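Please open the model in your viewer and keep the selection panel at hand.

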Number of protein chains: 2
Amino acid sequence: MKDDTGINSEVELIARMATVFAGSDSNVMTGIGDDAAVIRPPNPGGDYLLVTSDMLLEEVHFSRRWAEPVQIGRKAAACNLSDIAAMGGKARWMFVSLALPANVSTRWTLSLCEGIARECRSHKVTVAGGDTCKGDKIVISITLLGSVGPRNLCLRSQAQVGDLLVVTGPLGGSAAGLAMLRSGLEPDPYLAAKHLTPGCRLDIAGRIAPLANAMIDISDGLASETGHICRQSGVGALIRAAAIPFEKPVVEAAGMLGCDHLQWALAGGEDFELLFTIPPQKFSLLASTVAGLVCIGEIVSEPGVRLVHPDGRRTALEGGYDHFATGE
Amino acid sequence: MKDDTGINSEVELIARMATVFAGSDSNVMTGIGDDAAVIRPPNPGGDYLLVTSDMLLEEVHFSRRWAEPVQIGRKAAACNLSDIAAMGGKARWMFVSLALPANVSTRWTLSLCEGIARECRSHKVTVAGGDTCKGDKIVISITLLGSVGPRNLCLRSQAQVGDLLVVTGPLGGSAAGLAMLRSGLEPDPYLAAKHLTPGCRLDIAGRIAPLANAMIDISDGLASETGHICRQSGVGALIRAAAIPFEKPVVEAAGMLGCDHLQWALAGGEDFELLFTIPPQKFSLLASTVAGLVCIGEIVSEPGVRLVHPDGRRTALEGGYDHFATGE
């Protein structure tokens with residue numbers, strides 16, 4: 001990756017790519033840099049068009065060693081559905097491009113498609129196209145279109161100082177499940193499901209969106225996602241470590257493996273819960289109708305994301321999962 | 001690929017995938033099986049939304065051995081733009097997902113993006129999002145959105161018996177250029193450009209579309225594309241071999257390499273000219289305003305695609321480039 005361009009991270013590369021791609025189309029309200037692109041409606045007062053893309057690679061994002069093709073398909077669909085949820089939108093049409101090696105049977109491919117189709121059906125999404133080609137490794141590249149009314153549109157960039165920072169459910173489950181599988185251990189069914197067939201929060205996103213100021217889905221870890229909201233809103237955040245919600249199997253798995261479950265939440269990724277900021281009085285209103293919401297911190301004016309430990313110490317959080325800086 | 005599913009070709013696999021994905025969304029007018037999906041407008045009388053996806057893999061669809069990153073980017077954009085041209089549409093917003101190996105420099109990646117951006121700018125298309133991740137081989141997965149008014153929408157499935165079969169320009173150039181490069185020979189500049197930086201026919205598609213009955217772009221060879229139109233329209237076609245247009249460098253390259261330039265046109269692919277069917281009287285009208293159109297045959301009621309040789313013999317044409325059956 002490194003050369004004389006001075007670019008050292010995925011965030012920097014994407015920022016530079018956005019400069020190269022910079023266009024002047026006033027219909028594109030938000031392009032590169034949110035969970036989905038937002039395109040203005042052709043008819044005044046109509047719904048915005050949302051577009052999100054995710055590319056999944058074998059042995060980077062999924063492994064045939066422990067995931068069945070139906071599970072891989074469901075998860076591939078879910079991570080795109082989650083991006084539309086993060087915008088407050090309704091998911092509509094999915095486009096699936098696949099690269100398939102010669103050692104993948106047609107039966108395996110059709111099971112993968114069945115997994116994608118199943119997840120789509122449960123959210124009334126239609127798979128309307130894509131591409132297939134032969135490659136050395138499996139690639140699943142999905143683009144999902146959605147729509148959102150002006151009142152529900154929720155960007156990353158609108159967090160306000162004084163907002164509460166809220167998550168829609170417990171974190172760290174996917175990372176815990178993956179850590180167990182990588183260690184050759186059988187994960188608890190809860191952890192296996194969290195890693196292999198995560199859901200998305202389209203079930204509640206539409207109720208959160210009209211009240212929230214900023215929203216993002218947690219695909220790369222809490223630290224990284226909070227950082228995105230803060231950078232794009234020109235604010236900072238405090239996250240209270242003791243307030244981050246965990247299910248018991250996550251804490252138990254961390255103990256068993258000698259890992260830190262807090263790190264799984266902060267940097268583990270793929271929980272696909274939503275993270276949003278909301279004024280305190282609106283949070284009270286929302287929490288009375290949506291179950292499972294947990295306030296984990298607040299938006300402050302001082303830039304950066306800081307973790308507040310139970311003893312009051314504060315440490316700066318950098319990053320989360322960087323697709324380029326970590327791993328091979 | 002082969003197993004007990006009885007599926008032996010890309011066409012069969014895509015047909016089966018379409019069954020797995022079958023949805024009931026009446027907004028999807030045409031899904032899997034045309035150059036782009038067609039989605040009905042939310043406002044009556046508005047434009048249809050077009051969506052096309054193409055995935056390009058290193059050493060399958062392009063090679064760093066002979067293509068510069070700017071060229072690879074331009075071609076990746078062009079093959080998607082060509083799909084929107086084939087629907088009679090206007091290209092609007094592009095989404096670019098990239099997998100990048102560690103041995104690809106950031107400079108190379110930015111040049112690739114510059115190539116994509118350049119091709120987009122010349123067709124007033126904005127790159128509005130995508131995804132990046134690290135992989136073993138370069139993957140370029142592009143989804144392009146476009147729009148088309150009801151009068152211009154041109155499907156593969158509307159060819160009528162008695163229509164003329166017309167191409168928008170000479171064929172075989174891309175295959176000739178590739179054959180030269182693969183043989184280690186320097187291709188003529190015309191052939192190099194045809195293979196490395198093909199254009200698309202958005203320049204004339206909008207004038208053809210209101211008059212044509214069916215249209216497709218030539219990405220997998222004339223035989224295969226004519227087959228798609230015939231199968232989806234429930235008709236057959238005769239292609240007159242002597243009428244297929246070739247530029248001189250293509251014929252010369254075939255002579256030099258001991259290849260058949262006719263085969264390059266029929267099965268070579270990536271010419272990105274348009275192939276359309278049109279009633280004879282409308283063709284006369286169109287040919288007086290659009291230069292370079294060549295009538296190469298006609299639509300008949302008898303199913304199948306037949307090549308009519310200069311001596312009057314007829315041979316059945318099967319296929320074109322099948323991404324699964326060939327190579328590897």
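Select helix 4 (residues 173-182) of chain B together with helix 8 (residues 248-257) of chain B: in this predicted model the two helices pack at an angle of about 35°, with their axes 9 Å apart. If you look along the line that joins them, helix 4 of chain B passes helix 8 of chain B in a left-handed crossing. To see what makes the contact, show the side chains of Gly173(B), Ala176(B), Ala179(B) and Met180(B) on helix 4 of chain B, and those of Pro249(B), Val250(B), Ala253(B), Ala254(B) and Leu257(B) on helix 8 of chain B. Coloured by class, the residues of this contact divide into eight nonpolar, one polar and no charged.

Now move to chain A and select helix 4 (residues 173-182) and helix 8 (residues 248-257) there, whose axes come within 9 Å and cross at roughly 35°. The crossing of these two helices of chain A is left-handed. Helix 4 of chain A contributes Gly173(A), Ala176(A), Ala179(A) and Met180(A) to the contact, while helix 8 of chain A contributes Pro249(A), Val250(A), Ala253(A), Ala254(A) and Leu257(A). By class, eight residues of the contact between helix 4 and helix 8 of chain A are nonpolar, one is polar and none is charged.

Stay in chain A and select helix 2 with helix 3 (residues 106-121), where the axes come within 7 Å and cross at roughly 40°; helix 2 of chain A is therefore oblique to helix 3 of chain A. The crossing of helix 2 and helix 3 of chain A is right-handed.

Next, colour chain A by domain, with domain 1 covering 10-148 and domain 2 covering 164-316. The C-alpha centres of domain 1 and domain 2 of chain A lie 22 Å apart, and 17 residues of domain 1 of chain A are in contact with 18 residues of domain 2 of chain A. Which helix gives the most to the side of domain 1 of chain A that touches domain 2 of chain A? Helix 2 (residues 69-86) of chain A does, with 10 residues. That side of domain 1 of chain A has, by class, eight nonpolar, five polar and four charged residues.

Finally, show both chains and select the contact between them, which takes 61 residues from chain B and 58 residues from chain A. On the side of chain B that touches chain A, the elements giving two or more residues are helix 1 (10-21), strand 2 (37-39), strand 3 (48-57), strand 4 (90-100), helix 3 (106-121), strand 5 (126-134) and strand 6 (139-148) of chain B. Strand 5 of chain B gives the most to this side, with nine residues. By class, the residues of this side of chain B divide into 29 nonpolar, 19 polar and 13 charged.

The same surface serves both copies, with 95% of the contact residues of chain B recurring in chain A.

Note on methods
Residues are numbered from 1 along each chain as its sequence is written. Chains are lettered from A and ligands numbered from 1 in the order in which they are written. This is a predicted model: local features need pLDDT of at least 70, side-chain atom pairs count only at pLDDT 80 or more; totals for chains, interfaces and linings use all residues. Two residues are in contact if their C-beta atoms, placed from the backbone, lie within 7 Å. Helices (H or I, at least four residues) and strands (E, at least two) are DSSP runs, numbered from the N terminus. Ala, Val, Leu, Ile, Met, Phe, Trp, Tyr, Cys and Pro count as nonpolar, Asp, Glu, Lys and Arg as charged, and the others, Gly among them, as polar. Domain bounds come from an automatic or database domain assignment. Axes are lines fitted to C-alpha atoms, for helices over the stretch in contact, and angles run from 0 to 180 degrees between N-to-C directions. Angles under 35 degrees count as roughly parallel, over 145 as roughly antiparallel, 65 to 115 as roughly perpendicular and the rest as oblique. A crossing is left-handed if the near helix is turned anticlockwise from the far one by less than a right angle, and right-handed if clockwise.
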